[in-house]
Amino acid sequence: MVEWVAGWSREAPEPDAGVVAICDGFILRAESGWLHAWSDARDHLAEGMEPIFVGRLGIRPVYVAEVTNASQISGLESVHLRDVFLTADDATATMVGTAAQVAQWWRDHRFCGRCGQATDYHPNERARWCTSCKIPWYARVAPCVIVVIRQEGRMLLAQSVRARKHFYSLIAGFVEAGESAEEAVAREVLEETGLQVTNIRYCRSQPWPFPHQLMLGFFADYVGGQLVLQQDELVHADWFRPGELPPVPPDATIAGRLIRAMEEEIRADELRAQESGG
């Protein structure tokens with residue numbers, strides 16, 4: 001499998017460099033895949049946009065560029081970023097997600113947030129630089145927590161008011177200023193479900209470019225409280241056993257991976273209990 005490695009460079013793209021092309025918020029996919037040759041994309045750049053290096057797919061350098069008049073380029077399909085995560089392999093999804101975040105950062109920080117002066121490339125790192133204020137403006141990353149809550153052999157799954165395709169997923173929310181990730185888990189669970197949790201333990205993470213989250217995945221154990229849903233966040237929640245789950249997000253998402261991992265943990269614990277009892 002070809003490996004994706006994010007990176008930074010100020011070098012201009014060679015004609016055969018790969019470009020993730022974005023138009024009107026959609027990712028452009030050609031018949032050959034998600035990467036376009038720079039020689040094909042450079043004549044369609046959006047005003048004020050330039051190609052930005054985002055990493056390498058294998059040995060091929062990859063840039064992101066916003067383009068216009070995509071309808072004039074034959075053989076292209078406009079794809080929502082979420083659908084990239086549902087259909088592409090992990091390396092490609094991470095590459096496209098990185099490109100989307102970098103493009104968002106470039107667009108949002110064309111001007112200094114303090115003095116309003118136009119910014120330029122930082123000379124030594126991936127940042128935009130205000131020569132007047134001497135301030136670097138980095139790509140924003142917002143930490144979020146997402147958690148599987150376990151009660152003995154069951155896990156809590158909930159349906160968000162914003163759920164797509166009727167998926168049941170996990171409790172999640174942003175980390176607030178002055179808060180640890182573990183404190184954010186306990187607060188979000190209490191706010192959205194009325195439950196208290198303990199034994200909060202980190203499992204895995206995933207960058208989530210909607211538009212710039214870093215999802216921090218946790219397991220936690222139920223310790224008390226009655227299930228009372230925050231109505232503007234959740235429409236339904238319940239406890240489910242492995243093998244009896246409602247529709248859940250695919251394994252391409254951190255929610256899907258956490259749910260599968262909890263299923264495996266519960267089954268392993270039950271198997272050990274059976275063996276020790278036998």
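Predicted model: local features only at pLDDT ≥ 70, side-chain atom pairs only at ≥ 80, totals over all residues.
Residues are numbered from 1 along each chain as its sequence is written. Local features need pLDDT of at least 70 and side-chain atom pairs count only at pLDDT 80 or more, while totals for chains, interfaces and linings use all residues; side-chain values use heavy atoms, with hydrogens and water left out.

The largest pocket holds about 1000 Å³ of space. Its lining comprises 35 residues, and R82, S160, R162, S169 and W208 are the closest to the centre. A pocket is an open set of points on a 1 Å grid over the protein atoms alone, where a 1.4 Å probe fits, with protein on both sides within 12 Å along at least five of seven lines; lining residues have an atom within 4 Å of a point. Volume is the space filled by probe spheres set on the points, which are joined across faces, edges and corners. Elements that each supply at least two lining residues include α2 (81-87), β12 (154-160), β14 (196-208) and α5 (254-277). Strand β13 gives the largest share, four residues. Helices (H or I, at least four residues) and strands (E, at least two) are DSSP runs, numbered from the N terminus. By class, the lining has 19 nonpolar, eight polar and eight charged residues (Ala, Val, Leu, Ile, Met, Phe, Trp, Tyr, Cys and Pro are nonpolar; Asp, Glu, Lys and Arg are charged; the others, Gly among them, are polar).

The second largest pocket has a volume of about 380 Å³. It is lined by 21 residues, with T94, G97, T98, Q101 and P207 nearest its centre. Two or more lining residues come from each of α3 (90-108), β14 and β15. Helix α3 contributes the largest share, seven residues. Eleven lining residues are nonpolar, six polar and four charged.

Nine aromatic pairs occur in the structure (Phe, Tyr or six-membered Trp rings with centres within 6.5 Å; planes under 30 degrees apart are stacked, over 60 edge-to-face, the rest tilted). F85 and W208 pair edge-to-face, at 5.2 Å centre to centre and 70 degrees between the planes. This pair joins helix α2 to strand β14, across 123 residues. Both F85 and W208 are buried (under 20% relative accessible area; exposed is over 50%, partly exposed in between; 1.4 Å probe, protein chains only). F85, W208 and F210 form one aromatic cluster. The charged end of R82 sits over the ring of F210, 4.2 Å from its centre (NZ of Lys or CZ of Arg within 6 Å of the ring centre and within 35 degrees of the ring normal).
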